[in-house]
Amino acid sequence: MKVIVHDLDPEVFLKAFPGLKNSEDVRIITETHGTMKKCIGCFGCWVKTPMHCIIQDGYNEMPTQFAGDEIFIISRCVYGGYSRFVKNVFDRSIGSGTPFFEIRNGELKHVGRENKDNRFPIFNVYMYGDAITDREKEMMTGLYIANKANMGPGTTGELHFIRDVYKEVPL
Amino acid sequence: MKFAMIMGSPKPKGSMSSRLIEEMTTAIGNSGKVLIFNAAKPERFNEVLSCDRLVFVYPLYFDSLPSHVIAYLEQLDAFIKAHPPEKNPSVYAVCNLGFYEGYQTRWSLGRIQCWAEAVGFPWKVGIGLGAGPFLPHLPPVARIKTDKGREQFLMLLLSDAGGDNIYTEPEITKEMFVEMGNANWIPSLEANGLTVDDVMHPKK
């Protein structure tokens, strides 16, 4: 399953990539069900309804939807990180992990769920913008490495800073 | 001297961020007036910008800022560019996280610094508080570094000074912290009729 999360105009995106449609192999996550409500830090997706967010706004299944063999993130670079919507996809998907702690490579992380096949995603991130500063690149690079570490020890992929999504993202 | 405390926790009450704001407000005392704002309500920007110092106080969400704080920063940025303020307040940030290592907040503090640079306000310093939500439950002997870090941060805030970001962690072993943190979830699970196995192997 290829999962694509983006913050672009959904119609423009589909016109630019006409071969990409939601199917058994592809899932495109965009803000098409109205404004996505923010995570409220209730931990319901951990201790009440594990893997399901309790906010019923059409985005409550992010813990299962934001997962796949290959994850593509396409985000405007905002102050050295993801844009509001893309970050909210991360926030609303914390139920995909567990609340429990473990020490990995000397640092605290959340314990992942059982991963019998020991499979981890390819996590490719494309940050777009016309004037991304060096500090923003530094902060985003650190964030990307931290995200990968949190997604699991075998997570691979690359981070790219780009100007033109429609010319530079290989979808 | 006016301080704007901008609350970045989405919780309406009982958050560690609101507790930190209360404690900083008490510590500021007669040294200035504290105005409290909520990032979930992007309004009263004129009041925010009437302050001499802006302090963003938030929890770490997935290695970074909670999404609504990003929205708030962008709206405040647009307001500043449309209505250039008379003064450029100094920018500070306080981030707490459930993990042990305060330094895991560094990319989020860096985003506030990037925001300050984008709007042309002077960035001063941030503090990342490891074991944040657990701090009120730790004995004083396990909070020595944290308390020192917070005192140092407050001193910098009161004197409009800056420096390298400050990162704190509790004086207990990581192993003990993991044990304590994990045990902390059991009562919540039991209250909802769940077991650890339900969390580890949920029904999809």
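Let me start with helix H5 of chain B, residues 144–158, which lies across E3, E4, E5 and E6 of chain B and runs at about 165° to E5(B). This is a predicted model, where local features need pLDDT of at least 70, side-chain atom pairs count only at pLDDT 80 or more, and totals for chains, interfaces and linings use all residues. Residues are numbered from 1 along each chain as its sequence is written, with chains lettered from A and ligands numbered from 1 in the order in which they are written.

Some terms. Helices (H or I, at least four residues) and strands (E, at least two) are DSSP runs numbered from the N terminus. Angles run from 0 to 180 degrees between N-to-C directions, with axes fitted to C-alpha atoms, for helices over the stretch in contact. Contact means C-beta atoms, placed from the backbone, within 7 Å. Strands pair if DSSP finds at least two bridges between them.

Now the sheet. In chain B, six strands form an open, parallel sheet in the order E2-E1-E3-E4-E5-E6. E2 (33–38) and E6 (166–168) of chain B are at the edges with a single partner strand each, so one side of each has no neighbour in the sheet. Neighbouring strands are turned by 15° against each other on average, direction ignored.

E5(B), residues 123–129, is joined to E6(B) by three bridges. B:Gly128 has B:Tyr167 in E6(B) as its bridge partner.

Last, the two chains. Their contact takes 40 residues from chain A and 43 residues from chain B. On the side of chain A, H5(A) gives the most, eight residues.

Terms used:
Contact = placed C-beta atoms within 7 Å.
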